[in-house]
Amino acid sequence: MAAAAFGQLNLDEPPPVWGSRSVDCFEKLEQIGEGTYGQVYMAKEIKTGEIVALKKIRMDNEREGFPITAIREIKILKKLHHENVIQLKEIVTSPGRDRDDQGNPDNNKYKGGIYMVFEYMDHDLTGLADRPGLRFTVPQIKCYMKQLLTGLHYCHVNQVLHRDIKGSNLLIDNEGNLKLADFGLARSYSHDHTGNLTNRVITLWYRPPELLLGATKYGPAIDMWSVGCIFAELLHAKPILPGKNEHEQLNKIFELCGSPDENIWPGVSKMPWYNNFKPARPLKRRVREFFRHFDRHALELLEKMLVLDPSQRINAKDALDAEYFWTDPLPCDPKSLPTYESSHEFQTKKKRQQQRQNEEAAKRQKVQHPPQQHSRLPPLQHGGQSHAAPHWPSGSNHPANNAPPQVPAGPSHHFYGKPRGPPGPNRHPPSGNQGGSYNQSRGGYSSGPYPPQGRGAPYAAGPRGHSGGAYGVGPPNYTQGGQYGGSGGSGRGQNPMGGGSRNQQYGWQP
Amino acid sequence: MANTSLYCTREEIEANSPSRVDGIDIKQETFHRWSYSTFLQELGQRLKVPQKTIATSIVLCQRFFTRQSLAKNDAKTISMICLFIAGKLEGSPKQAGEVIAVGYRILHNKEPSREAYEKIKGNVFTGEKLVLSTLGFDLEIEHPYEIMFDWVKRTVKVERDANRLYQAALNFVNDGLRTSLCLQFKPNQIAAAALYLGSSFVKVKLPCDGEKVWWQEFDVTKRHLGEISDQTLAVYEQDFLVNVKDGADSKTGDGGLWKGEVKLSKDDESKSWQGLEGYQDRKGSFMNGSDKSRHVANILGYVPFESL
């Protein structure tokens with residue numbers, strides 16, 4: 001047989017045995033979430049009776065095929081196997097339409113949707129903490145914190161940054177196990193990583209000062225700041241740094257942790273946006289004062305997490321060794337924790353959300369600028385209604401010393417995609433990003449400016465300025481060569497994210 | 001770490017390929033492998049994606065064709081899909097439209113018609129799921145680059161030597177992507193062989209630490225090192241490449257290996273990839289030609305492994 005004709009694809013046969021199974025292996029029981037990327041179902045595997053969560057990767061709205069966030073999440077979750085990290089059990093495909101437009105049987109096995117199959121989890125930490133009348137005990141908080149740190153330590157050892165640690169991404173089952181979920185913003189990093197990373201990650205309330213000050217080189221310490229915020233939130237019973245925008249967020253951080261200077265944070269004055277956000281007068285660190293009601297060991301640990309300078313912030317491993325976890329009352333056994341009724345009452349939530357929307361609409365008509373919110377919800381920074389417009393003025397190729405634009409944080413839906421709506425007394429921080437992690441149809445692709453990679457003449461110029469390498473005469477984009485051989489900064493022609501990087505949705509940045 | 005089951009022996013690759021069942025022989029498949037890898041290298045460069053993205057696309061494509069037949073899947077479309085996916089995987093995404101437009105230009109030396117473009121685009125989006133499913137969504141792909149770089153930086157103290165060695169090894173790795181090496185060996189093993197070939201080529205001695213031979217830390221045996229080296233060099237002597245200009249302007253030390261012209265032979269198979277013809281002489285990365293292996297070995301100062 002000759003080779004396939006141009007454009008021919010083998011779509012009629014099911015994927016080979018090592019490919020994915022069909023979603024028909026599962027019986028959908030109930031929808032437990034709804035995100036812009038698609039639905040999440042509680043389902044039962046027919047053969048085994050096992051209960052799972054099916055997260056549909058919706059592609060009808062995708063202009064660029066399979067969503068990049070889903071690709072990343074799959075890639076990362078496939079290599080992570082830990083009891084405190086959500087387990088991606090498999091990927092299944094749905095058979096798609098049975099008939100084509102003419103009513104003929106359509107054998108194309110690849111028209112349908114793709115689902116990620118996760119172990120089923122009953123709750124998320126935010127939802128649980130928010131139950132009326134529910135207060136966590138100290139051993140319970142220690143138990144959750146210990147699991148959170150253990151899972152995060154595992155990620156960091158495997159060179160994965162989560163980049164969206166917050167309560168709604170920490171899932172809890174009825175056996176008290178806590179697991180990190182939603183790796184849609186996660187990425188691999190290496191210790192000597194030379195490329196720049198986006199600072200537009202992590203939901204605002206949990207975002208560390210270095211990102212707010214514009215850092216593009218960062219490491220696991222960013223996740224540890226978020227852990228600190230969650231820790232304090234558990235003890236304090238409400239979010240500790242509920243900023244409405246990036247500026248206010250930094251102010252709140254400085255009011256709590258003091259304003260940074262070269263003494264406590266060497267290098268801070270050279271951060272891209274330091275001058276824009278420098279407080280008018282120095283502020284004192286007041287963590288101890290604010291949280292004086294915490295017990296001594298808790299406070300001691302929290303102090304080490306909420307350190308402004310990321311290089312001095314405690315890491316996950318050392319945090320696990322903290323006195324807090326080894327003094328009475330000790331963390332309890334997860335299995336000893338009480339069980340709660342499932343938190344995924346999708347229909348109830350939907351109703352509640354509808355009610356909220358109505359209230360909000362009424363409120364908006366009354367006041368242009370709503371008063372200080374008492375919600376536990378980071379606000380939509382676009383007023384939540386600019387969905388059709390692109391985030392960024394096109395071509396704002398501004399240098400890094402401009403004030404950071406008022407951009408929403410990354411997607412911040414509950415992992416299972418609970419309904420989200422306009423700002424309101426919703427516990428779940430909204431997705432500031434229109435679309436959420438599984439929908440980038442309005443983002444990077446449509447506006448087009450990708451990170452220009454390896455521009456310049458990294459390879460041809462070579463580390464020693466030689467040209468005429470094997471590939472030197474071709475388009476010079478052997479960035480590896482330049483990057484790694486680079487002794488004189490001639491490596492990459494430029495920051496791989498380019499000047500236009502902030503012009504994009506986070507999802508497309510490294 | 002990559003799953004070990006992702007690797008197989010050369011014999012397995014050659015005997016069990018789904019293409020073989022459909023009557024495509026080893027020679028043809030080798031040619032296709034060379035063609036789509038070369039195509040992806042060019043496509044990636046024109047799209048200005050990092051080399052790592054290009055390498056990922058080639059590995060994806062090669063893995064795909066260990067599970068699917070060339071008779072049922074057009075390698076050109078699959079290649080474009082693999083680059084499209086690799087861009088997303090490696091954080092250097094390119095729009096499907098751009099990939100198609102540039103790819104079409106390489107293959108056909110003209111712009112696609114509106115109709116052709118839309119058709120390919122439909123194929124790319126559908127085929128993306130085909131590729132991902134066929135690969136079982138195993139998308140973590142490692143490469144030898146960082147391993148080599150770290151090792152050279154740590155081990156070779158003279159900076160000039162380190163750079164020359166790394167550049168030479170890098171070129172061997174990139175040229176080796178046109179072989180099935182990435183299906184047989186792990187990145188660390190390929191890294192070791194490329195460093196060996198590179199060191200022969202630029203005449204940089206690799207340090208020996210007393211009893212310990214340098215390649216031990218790459219978790220590779222001497223036999224494997226020899227096999228990888230031989231297969232890498234074989235890419236320069238494929239018999240579908242003919243008429244190479246003299247490689248005499250190759251200089252050592254500048255990271256450049258050879259300059260030469262390559263033309264595809266005119267058998268039927270190669271015609272389907274005729275778009276590739278146009279740019280090889282520009283690229284000039286291939287030394288080749290019939291029975292040039294000894295010549296290559298001479299240029300390299302390559303010492304057959306048995307005599308080490």
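Mentor: We begin with a term: a residue is buried under 20% relative accessible area, exposed over 50% and partly exposed in between, with a 1.4 Å probe and protein chains only. This is a predicted model, in which local features need pLDDT of at least 70 and side-chain atom pairs count only at pLDDT 80 or more, while totals for chains, interfaces and linings use all residues. Residues are numbered from 1 along each chain as its sequence is written, chains are lettered from A and ligands numbered from 1 in the order in which they are written, and side-chain values use heavy atoms, with hydrogens and water left out.

Trainee: What share of the residues in chain A is buried?

Mentor: Chain A has 14 helices and eleven strands; these are DSSP runs numbered from the N terminus, helices being H or I of at least four residues and strands E of at least two. Of the 510 residues in chain A, the buried share is 58%.

Trainee: How far apart are the C-alpha centres of domain 1 and domain 2 of chain A?

Mentor: Domain 1 of chain A covers 23-120 and domain 2 covers 124-336, with bounds from an automatic or database domain assignment. Contact here means heavy atoms within 4.5 Å, and 14 residues of domain 1 of chain A are in contact with 19 residues of domain 2 of chain A. The C-alpha centres of the two domains lie apart by 31 Å.

Trainee: Which residues of domain 1 of chain A lose the most area to domain 2 of chain A?

Mentor: Buried area is the accessible area (1.4 Å probe) that two parts lose on being put together, summed over both. Between domain 1 and domain 2 of chain A it is about 1500 Å², and carbon and sulfur atoms give 58% of it. Together giving 34% of what the domain 1 side buries, the residues that lose the most area are A:Ile76, A:Asn84 and A:Ile86.

Trainee: Which element gives the most to the side of domain 1 of chain A that touches domain 2 of chain A?

Mentor: A polar contact is a pair of N or O atoms within 3.5 Å; within protein, one must be able to donate a hydrogen and the other to accept it, and residues adjacent in sequence count only if both atoms are side-chain atoms. Between domain 1 and domain 2 of chain A, eight residue pairs are in polar contact, both residues at pLDDT 80 or more. With six residues, the element that gives the most to the domain 1 side is helix α1 (residues 68-79) of chain A.

Trainee: How many salt bridges does the structure hold over all chains?

Mentor: Side chains of opposite charge can pair when their charged atoms come close. A salt bridge is a side-chain nitrogen of Lys or Arg within 4 Å of a carboxyl oxygen of Asp or Glu. The count between domain 1 and domain 2 of chain A is one, whereas the count over all chains is 27.

Trainee: How many residues apart are A:Arg313 and A:Glu210?

Mentor: Their side chains meet in a salt bridge at 2.8 Å, N to O. A:Arg313 is buried at 6% relative accessible area, and A:Glu210 is buried at 2%. A:Arg313 lies in the loop between α9 (296-305) and α10 (316-320) of chain A and A:Glu210 in helix α4 (residues 209-212) of chain A, a separation in residues of 103.

Trainee: Is B:Lys88 buried or exposed?

Mentor: The side chains of B:Lys88 and B:Glu128 meet in a salt bridge of 2.8 Å, N to O. B:Lys88 lies in helix α5 of chain B and B:Glu128 in helix α7 (residues 114-134) of chain B, so the pair ties together parts that are 40 residues apart in sequence. B:Glu128 counts as buried at 1% relative accessibility. With a relative accessible area of 0%, B:Lys88 is buried.

Trainee: What is the relative accessible area of B:Arg164?

Mentor: The side chains of B:Arg164 and B:Asp161 meet in a salt bridge (3.2 Å, N to O). The two residues are separated by about one helical turn, because they are three residues apart in helix α9 (residues 159-176) of chain B. B:Asp161 is partly exposed at 22%, whereas B:Arg164 is buried, with a relative accessible area of 13%.

Trainee: Which side chain does that of B:Thr77 join in a polar contact of 2.5 Å?

Mentor: B:Thr77 lies in helix α5 (residues 75-89) of chain B and counts as buried at 0% relative accessibility. A polar atom of its side chain lies 3.4 Å from the backbone nitrogen of A:Gly7. The polar contact of 2.5 Å joins the side chain of B:Thr77 to that of B:Asp74.
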